[in-house]
Amino acid sequence: MLHKLFTFHGGVRPDSRKSDSTQAPIAALPLPAELVVPLHQSIGGTPRPLVRVGDRVLKGERIGAAEGAVSAAVHAPTSGIVKAIEPRTMPHPSGLPASCVVIETDGEERWIEREPVPWKSMKGDELRDFLRDTGIVGLGGATFPSHIKLRPGAKPTHTLVLNGAECEPFITCDDLLMRERAGEIIRGAGIMAQMLAVERVLIGVEDNKPDAIAAMRAAAGDGIEVVAIPTLYPAGGEKQLLRVLTGVEVPAGRRPLDFGLQCFNVGTAYRVARAIDQAEPLISRVVTVAGNVDRPGNFEVLIGTPIDALLAAGRPRPDTDRVLMGGPMMGFALPSTAAPVVKATNCVLAGSPSLLPPPPPEMACIRCGTCAAHCPADLQPFELYWFGRSHNFGKAQEYHLFDCIECGCCSYVCPSHIPLVDYFRFTKGEIWAREREKAAADLARERFEARNERQEREKREKAERLAAKAEATRKKLATTEPTGEAAAASPAEEAKKALIAAALERAKQQKSSVKPRNTDNLPADKQAEIDQIEARRAGAEGRTVEPPETP
Amino acid sequence: MIEALLVMAGIALALGAVLGFAAVRFKVQGDPLVDKIDAILPQTQCGQCGFPGCRPYANAIADGEADINQCPPGGDEGVRKLADLLGREYKPLNEEHGVEKPKAVAMIDEQTCIGCTLCIQACPVDAIVGAAKQMHTVVEAECTGCELCVAPCPVDCITMEPLPETVQSWKWKYPTIPIGKAA
């Protein structure tokens, strides 16, 4: 069947280097002694841990519950004992630690109780909550929680696109998945198609994967079309793939859903099918090990497996000087290979000085415009570069920096070897940091103003309360003691006088009611002392008393 | 002659009426300049500038009573932004008001806190929770790091902890060429 294809702007054709890792089928990895499962593995809120240190967990047990509107659960990849919940190094360019659940595996692989989900009779929200709680996230790299993307938009969605392009060099995990598990991918696609109530499903696969295309075509049923698309990096970018398959160009700041389109990775479709049919949460994924290794291939890896252990299975050569997570175009060097495999890990690439040589020194930008000619997002990378260099962040945003998908085409073609993407990442980071600061400042301003208002209000209320009380006392006195003589004075003065008189009276009574105690049988000298004091007091008060009697 | 005068007077009256209406209809509430200055200030409400909060300082700048370099939390960048906005000359931060510090949050030592509520009253953004004779705690997400709670504490149990860098707050560094490589 012929399908009309479109093209996107720019793109590059790097050496794909995929054949090395496609020789062997997907292999399993021996169970490591310890799995380190980071809690934060998807875009959005960090899941809340559900287990405590010392707890026994079963394979597939939920250990972190989704927190907030955008979040997905995490699960125990195998059975064992929770050894610790502590910060461990993350597979992140920073190499910083984040909260992880460390599980000591027991080798028994005991599953939680599972039964297929009656998804056809479930309501949409129920099914989406189920997918959230099975931890299904986009496996193309962005790890966006899939249940959110499976909510139909305001406008009807007409086309579901599965992304099997896998355009980045070296990476073959989706290729092998399509070759070996096409049936389940198609099944997942069918489930997602029903959830979104789409008319057709398009599966885009680059034409350098004929085996995968054949396997997928053999498995595809009615309404599902497997389309071979020309091999051109980055055809696997979401907007680029949608453009190639449907001709729709999703503009800046809009989502495909606004145009009746939705796009998922083939790996995500596979996990959806596993979740629905086998109630299997996302506890493993296929990862490519390639580059400077003796046995490149694809492995079914439990989430939390140390990258060291995975890399060892590929037998890295001795001259390996760095390890990348992701491919050579978009991946980043791992500061530590002790970090675990996470849901976003699609490839572990060993580099050596000869295989991935460090780029030649950066030279000055000559404004040749080659980068703009190859940018698949129709941006002007050289302009963004200048704005980033001069810290002119507002201008960079005006030139749509945030439409940059960091594909690396510009850096790849730059004749001056400028690491343009590094500048864009820096600029984006600075802008995000400023936005976070601004949000914090706005919150502080709001709270400060609320506090000031509250203090004002409290002051006002107190003054009102006191005024009301004084008024009440005044009224009471006015009604109880209406004397003729004070009638001439103003009522306020009269009330005040009455108050003073009443207080004096009370004081006098109190004083007179106090009787000296223990005054019987006093020795003479004590009695004399007391009498002296009484005399002094009387003198001070201005009255005369009889002089102390002397015995 | 008289017609011309009448016509001109009529036009003047009509335009005056339009202007008068516009002045009432499109009256700008508050001082927009103060809002713009306030938006640049970091809202720590720390009072290091000598004014009781960021908005009073913004008012003082707008009235010409305060200089633009009195806000240490806003830092050098804040001074530059204010200079840009107001068309004034940039000047370095006035050290009399303090120096720029990395962002920190207040931490209450739970063992030492006696529950006196003095810090709660001092906090300009209500970021401390607690009650009399109960332990207090700082809501980290809402603390601006103004240090106003540190001085009133009678048992010195509040310390300022710099915020550690996390995976979420980490930023890509500015690309640099190692000197060895460039040579």
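Visitor: Which residues of helix α1 of chain A are called buried, and what makes them so?
Guide: In this predicted model, the buried residues of α1 (residues 124-133) of chain A are A:Leu127, A:Arg128, A:Leu131 and A:Arg132.

Visitor: Why are they said to be on the same side of α1(A)?
Guide: Because they cover an arc of only 145° around the axis, taken from the directions from the helix axis to the C-beta atoms. An α-helix has 3.6 residues a turn, so residues three or four places apart point the same way.

Visitor: Which exposed residues does the face turned away carry?
Guide: That face of α1(A) carries A:Asp125 and A:Glu126.

Visitor: What covers the buried residues of α1(A)?
Guide: The cover includes α2 (146-149), α4 (182-196) and α7 (266-278) of chain A.

Visitor: How many residues of chain A are in contact with chain B, and what makes a contact?
Guide: 22 residues of chain A are in contact with 22 residues of chain B; two residues count if their C-beta atoms, placed from the backbone, lie within 7 Å. Helix α13 (residues 420-480) of chain A gives the most to chain A's side, with 14 residues.

Visitor: How are residues and chains labelled, and which parts of the model count?
Guide: Residues are numbered from 1 along each chain as its sequence is written, and chains are lettered from A and ligands numbered from 1 in the order in which they are written. Local features need pLDDT of at least 70, side-chain atom pairs count only at pLDDT 80 or more, and totals for chains, interfaces and linings use all residues.

Conventions:
Helices (H or I, at least four residues) and strands (E, at least two) are DSSP runs, numbered from the N terminus. A residue is buried if 20 or more other C-beta atoms lie within 10 Å of its own, exposed if 12 or fewer, and partly exposed in between; C-beta atoms are placed from the backbone.
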